[in-house]
Amino acid sequence: QLQLVESGGGLVQPGGSLKLSCEVSGITLDQVTIGWFHQAPGKEREELSCTSGASTHLMDSVKGRFTISKDNGKNTIFLQMDGLRLEDTGTYFCASNAYGRRCDLGMEYWGKGTLVTVSS
């Protein structure tokens, strides 16, 4: 059974940084596509990034602020978030799909999310 578990959320001041983790079990990272998504309170979930193998696509809204990295030994993918803004508040999810499949076509498995609050 493929499972994804997010961690690393918390309270951070505007301009601060957080590093979120998504630990994947049941399959190795190089066999799946992993996406990071953000859902602000009262809003629809939005795609932030989509990673298949060594290739990552970042949405324009987070380019220059967010980066993706992986630790294949730990089967974990990270979302480094810098320059956080009030509007980055919300729940962050990672999700998986078949390798090479675009993240905007629907994801198959989802984690439960981790909450990020950006506030002064």
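These legends describe close-up views of a predicted model.

**View 1. Glycine 106 in the loop between β9 and β10**.
The loop that holds glycine 106 runs between β9 (90–98) and β10 (109–110). With a relative accessible area of 34%, glycine 106 is partly exposed, because this value falls between the 20% limit for buried and the 50% limit for exposed residues. Beyond the neighbours within four places in sequence, the contacts of glycine 106 are Asn97 and Arg101. Serine 96 lies 10 residues from glycine 106 along the chain, and the C-alpha atoms of these two residues are separated by 9.3 Å.

**View 2. Strand β9 and its pairing with β4**.
Strand β4 covers residues 32–39 and pairs with β9 in the antiparallel sense, over eight bridges. Within this pairing, isoleucine 34 stands opposite serine 96 of β9. Seven of the nine residues of β9 are buried, so the strand is largely enclosed by the rest of the structure.

**View 3. Strand β9 with β10 and β11**.
β9 pairs with β10 in the antiparallel sense over two bridges. Here serine 96 stands opposite tyrosine 109 of β10; serine 96 is also the residue that isoleucine 34 faces. The pairing of β9 with strand β11 (residues 114–118) is antiparallel and has three bridges. Threonine 91 has leucine 115 in β11 as its bridge partner.

**View 4. The largest nonpolar core**.
This core has 23 residues, and those touching the most other members are Ile34, Trp36, Phe66, Leu79, Met81 and Tyr92. Two or more residues come from each of β3 (18–25), β4, β8 (76–81), β9 and β11. The most are given by β3, with four residues.

**View 5. Surroundings of phenylalanine 66**.
Which residues does phenylalanine 66 touch, not counting residues up to four places away in sequence? They are Leu48, Leu58, Leu79, Gln80, Met81, Asp82, Leu84, Asp88 and Tyr92. Among these contacts, Leu79, Met81 and Tyr92 are, like Phe66 itself, listed with the core residues that touch the most other members.

**View 6. Another nonpolar core**.

Note on methods
Residues numbered from 1 in each chain as written. Predicted model: local features only at pLDDT ≥ 70, side-chain atom pairs only at ≥ 80, totals over all residues. Heavy atoms only, no water. Buried < 20%, exposed > 50% of the residue type's maximum accessible area, 1.4 Å probe, protein only. Contact = heavy atoms within 4.5 Å. Pairing = 2+ DSSP bridges. Core = buried A, V, L, I, M, F, W, Y, C linked by side-chain atoms within 4.5 Å.
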